[in-house]
Amino acid sequence: MKIFLDTANIDEIKKGVDLGIIDGVTTNPTLVAKEKKDFKKLVKEICEIVKAPVSAEVISLDAEGMYREGLELSSISEHVVVKIPFTPEGLVATRKLTEKDVSINMTLIFSLNQALLACKAGARYISPFVGRLDDIGHNGFELAKNCQEMILSYGFDCEVIAASIRHPQHVIEAIKNNIDIATLPFSILIQMMKHPLTDIGIEKFLEDWKKANS
Ligand code: E4P
């Protein structure tokens with residue numbers, strides 16, 4: 001399973017990349033706004049660090065505006081994936097951009113019907129938001145799993161990004177359901193690495209080593 005970082009923070013991205021296990025980055029307008037930096041410069045900087053797919057989202061709501069922004073964003077770097085929210089206008093923009101060989105991540109996917117339409121429009125990635133579905137009492141991973149099965153059974157050239165991940169258990173669900181990609185806040189990547197028995201184990205090994213060598 002690929003791991004993307006869901007952040008626009010350069011320090012977090014550098015730390016993740018240094019670990020050697022990051023396959024890409026996703027950003028959204030909320031995450032970019034937190035950084036208080038020029039959007040295009042920030043996207044360029046992230047691409048140069050990650051050298052792998054980096055999703056950057058359009059702000060326009062009409063197909064023409066999304067198309068124009070998508071072309072501008074994709075010209076920043078070969079690594080840019082244009083993120084387009086799922087709307088009828090978004091579908092039109094996705095089709096037009098894919099015809100220009102621009103990679104699209106269709107975001108804010110909350111149903112299997114939306115996922116099918118995104119795939120048919122040519123999206124390279126679809127992002128079901130598992131956490132936000134769980135928040136309203138639905139089963140977010142049921143959707144992610146159904147998206148993955150649909151893509152496999154129809155042979156769409158599209159990968160599922162499990163998005164809106166809230167805790168390490170969500171990552172375990174992604175692994176168990178063979179989801180292509182999970183995009184994680186940096187804090188969850190840190191939580192994934194921790195286990196008290198690992199810390200206790202290291203302490204005991206060192207203690208025994210010292211005893212034997214003193
Ligand atoms: C995905 O690409 C989104 O940026 C993200 O996962 C949204 O997550 P949230 O529901 O925690 O805002």
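## Leu108 and strand β5

Leu108 has its place in strand β5; strands here are DSSP E runs of at least two residues and helices are H or I runs of at least four, numbered from the N terminus. The model is predicted, and local features are given at pLDDT of at least 70, side-chain atom pairs only at pLDDT 80 or more, while totals for chains, interfaces and linings use all residues. Residues are numbered from 1 along each chain as its sequence is written, and side-chain values use heavy atoms, leaving out hydrogens and water.

For background, most residues other than glycine have a negative phi. Leu108 is partly exposed, with a relative accessible area of 29%; in this report buried means under 20% relative accessible area, exposed over 50%, and partly exposed in between, with a 1.4 Å probe and protein chains only. Strand β5 itself, residues 104-109, is mostly covered, with five of its six residues buried.

## Neighbours of β5

Strand β5 pairs with strand β4 (residues 80-85) in the parallel sense, over four bridges; two strands count as paired if DSSP finds at least two bridges between them. If you want a residue pair to look for in the viewer, Val82 stands opposite Ile104 of β5. Strand β6 (residues 125-128) also pairs with β5 in the parallel sense, over three bridges, and here Asn105 has Tyr125 of β6 as its bridge partner.

Which helices belong to β-α-β units with β5? Helix α5, residues 88-99, makes a right-handed unit together with β4 and β5. Helix α6, residues 112-121, makes a right-handed unit with β5 and β6. Right-handed has a simple viewing rule: with the strands pointing away from the viewer, the path from the first strand over the helix to the second runs clockwise.

## Strand β3 and Val54

Strand β2 (residues 24-26) runs parallel to β3 and is joined to it by two bridges, with Thr26 opposite Ser55. Strand β4 pairs with β3 in the parallel sense as well, over four bridges, and Ala56 stands opposite Val82 in β4. That valine also stands opposite Ile104 in β5.

Leaving aside residues up to four places away in sequence, Val54 touches Val25, Ile46, Cys47, His79, Val80 and Val81, where a contact means heavy atoms within 4.5 Å. Thr27 is 27 residues from Val54 in sequence, and their C-alpha atoms are 7.5 Å apart in space.

Ser164 is another non-glycine residue with a positive phi, about 60°. Where is Ser164 found? Ser164 belongs to the loop between β7 (159-162) and α9 (168-176). Its relative accessibility is 9%, so Ser164 counts as buried.

Gln169 lies in helix α9 and is partly exposed, with a relative accessible area of 43%. The C-alpha atoms of Gln169 and Pro85 are separated by 26 Å, and these residues are 84 positions apart along the chain.

## The whole chain

The protein has eleven helices and eight strands. Its C-alpha trace spans about 75 × 35 × 30 Å along the principal axes. Of its 214 residues, 47% count as buried, and among contacts with a separation of 6 or more, residues 24 or more positions apart account for 56%.

The accessible surface of the protein comes to about 11300 Å², 55% of it belonging to carbon and sulfur atoms; areas come from the Shrake-Rupley method with a 1.4 Å probe, and for residues only the protein chains shown count as cover. How far apart are the mean positions of the positive and negative charges? They are 2 Å apart, for 25 positive and 30 negative charges. Lys and Arg count as positive and Asp and Glu as negative, without His and the chain ends, and each charge is placed at NZ of Lys, CZ of Arg, CG of Asp or CD of Glu.
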